[in-house]
Amino acid sequence: MKQDHQACIHCGEDCGPAPIQWEDKSFCCQGCQTVYQLLNDNQMGQYYQIQTAPGIKIQTDQLPADDKFAYLDLEEIQSRLLDFSDAGVSKVRFFIPSIHCASCIWLLENLNTLHRGIIQSSVNFPKKEVSITFRDEEIGLRQLVELLASIHYVPEISQQSLEKTEKGKSSKTLLVKIGIAGFSFMNAMMYHFPQYLPGSESLETGFRVVFGWLSFLLSLPVLFYCSSDYFLSAYKSLRKKIISIDLPIALGLVTLFLQSSYEILTDQGIGYFDSLTGLVFFLLIGKWYQSITYEALTFERDYKSYFPVAVTKVNADGNTTIPLNELKAGDRILVRNQELIPADATIEKGNANIDYSFVTGESIPVSKNPGDFVFAGGRQQGSAIELLVQKEVEQSYLTQLWNQEGQQRAKEAPMANTINQVSQYFTVIIITIALSAAIYWNFSNPEKALFAFTSVLIIACPCALALTIPFTFGSTMRQFGRKGFYLKNAEVIEKLYRIKTIVFDKTGTITHAQSSRIEFKGETLTDEQQQLIKSLAFHSTHPLSKTIYESLEEPKTLEVADFKEIPSLGITGKVNNKTITMGSKYFVTGDQSGDKELKTQVWVFIEKQVLGYFQFENSYREGLQDTISNLDSSYELHLISGDNESERDNLVPLFKDHARLNFNQSPTDKLNYIQQLQQNGQPAMMIGDGLNDAGALNESQVGLVIADNIYNFTPACDAILQADKFASLHRFIQFTKTSMTIVRLAFLISFLYNIVGISFAVQGNLSPIVAAILMPLSSVTVVAFATFSVNLMVRKRGL
């Protein structure tokens, strides 16, 4: 009697006649049981609920020895592997080839459950990379790698991963492959050319044999080197039981090679090596075209686009504001409270409290003194500091910081997820059609069977479908960036398309505080008092502080100690050992009656005495009325402000509904307001200045920061809009609908192309080499259509 074998709960492999049992569950090996027990003990059973038998089986001889990762204890190796390490917190990225499904992603992004020393982890699935932030005192780099190995996700650590990859190395390799394939294709065509001429049958047998074997030799480097990426991708996908879009191409190449080799060995002809080499050549040309197009989009999405503001450079004759891209190693710069450190530097002056949460996720500030080294991406908390730039602004590093999703991994865009699913099913359908066509022609006209099979596999590639969103949204992002609207990633376009509610902050967002009329009411300020006030205001990035700073004529500022800035309340510090407090009436005096005032006020306290207050009359941004009017027809508009109700009468005609105007709101109130809107099914966009709105910006579907000519950037936002482009805000938002229309039209073009191409291919009327030319042509068509359409509509819509 045949015994039924059971599948392993962890990896799905056959457990054999004697499975390992634990709690009535079967395992194929001790390793799978160990991983299952580990996840079970840590209440991580969801790993098996996301996908059935998602684990990876590792043979016993492949398991790491106790000292296999001992080299990771060496400081030299650690310094080369770690992306960041300071104040007991480190960050590292590993390439893990065994990442293959949603369960892998879920498990690797919940490593903090397995060890409390891990702060957070995130997975880049296309690159098979996991980025991990951890506390050095609780788990070292070696222990971290051993933990990953224990759950069968062994990082690939090699000499190449320890060294910086040479820029352009991959593109050079691709060009070499194109050169080899092109050389082989041209020569194979010459050898096959006589076969296509009348009277070729009279060609001496010896010539045909020589030409055939020469073509065979030329095809070997093309098949085993130039096309290796397609075979590797198809193999890895099949091992993980996934149908890759490279599988049809790999099948077509193998079929052509085996059929051609058979004809040469049996002396029936010289095969189709010209088609094989030509196929690979044109496939690589298409791949090269796609890569340079991606590089063009990436080039325009560098740090100079993401940071459309300036940095303060300290010179011998005073401070000057320079564009970030002009910052060089050796420059001395000023970084104020809540400003981001733009490059690796050492502290020259002042005591720093650096918040590295943008880099590591840890929000506890790290104290730094003059002479200490600080990493790019940290945010200063406290009085202004002077830094000496050690390295020029690294494009790749700042771009990585801007693109990272932080503690919570962003959900994949619904449309992109749909395309991925369609592409997989599409590949299965194409393979089925190709086999059916081959079987049909094998019985009716065998000469057409090979052409029909390979042509269907090659021409019906879902690449054009997969490229639709990246290139349409990429072109849109590029055009937006040129116009002063900078998006964090392509998903923001789809999120903007889906929003139903827009929530505005007031000060620094719809008002231009730096052009406000300002008047001091109270005692007449002495020169010394003005100097003290200006010195304190100098260290703050709040729009009202900047307005006060610019309004005072005292030329010299003094050192500030114990500087603190409390969101929505005010700032405080010591200048010449005198305590100064500036902010709301409640913050300065403890009196809440100021809430009834009808003007924006900043009160001033110096050494046990309230001197009075600065009174502002807000100046609204140009184009506000037209922007609100255009948005009001399509979206529900709200306003939440930390200021008093002094501007209510001016704003009611714009926002119309009194219930949507909210004043005296704390940062927590703003966050709760956004949460309530979205719980009621209203995807919201929050528009703020990035200072007091971080929680609301992060919680909203899309967080947009209005940036003036200051170095003002927050990781909580999804987009930055240059302040002078505020009047075009409604055009940018409305254009996302145009982008989605272009995406749908590109889908239609891609489907029509495949239907027409397959209809010719199944009839055996399309040679593989022609199919190889047409396949990348479909991608070119989609890319060209997306780029041209976006550019045309941008001009037509007046962006």
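The questions and answers below concern a predicted model.

Student: What average pLDDT does the protein chain have?

Tutor: The model is predicted, and pLDDT is the predictor's confidence in each residue. In the protein chain, 76% of the residues score at least 70. The average pLDDT of the chain is 76.

Student: How many contacts beyond four places in sequence does the model have for residues 59–65?

Tutor: Over residues 59–65 the pLDDT stays under 50. Where pLDDT is low, the predicted coordinates should not be read in detail. For residues 59–65, the number of such contacts in the model is 4.

Student: Which strands stand at the edges of the open sheet of 7 strands?

Tutor: The sheet has mixed pairing, and its strand order is 16-28-27-26-17-24-25.

Student: At about what angle does helix 19 run to strand 16?

Tutor: Helix 19 covers residues 491–498. Helix 19 lies across strand 16, strand 26 and strand 27 (702–707). Its angle to strand 16 is about 110°.

Student: How many residues of helix 20 are buried?

Tutor: Helix 20 (residues 527–538) has 12 residues. Buried means under 20% relative accessible area, and the residues that qualify include Leu532, Ile533 and Phe538. Helix 20 is mostly covered, the buried count being 10 of its 12 residues.

Definitions and conventions: Residues numbered from 1 in each chain as written. Predicted model: local features only at pLDDT ≥ 70, side-chain atom pairs only at ≥ 80, totals over all residues. Heavy atoms only, no water. Pairing = 2+ DSSP bridges. Helix = DSSP H or I, 4+ residues; strand = E, 2+ residues; numbered from the N terminus. Contact = heavy atoms within 4.5 Å. Axes fitted to C-alpha atoms, helices over the stretch in contact; angles between N-to-C directions. pLDDT = per-residue confidence, 0-100. Expected span 1.5 Å × (residues − 1). Buried < 20%, exposed > 50% of the residue type's maximum accessible area, 1.4 Å probe, protein only.
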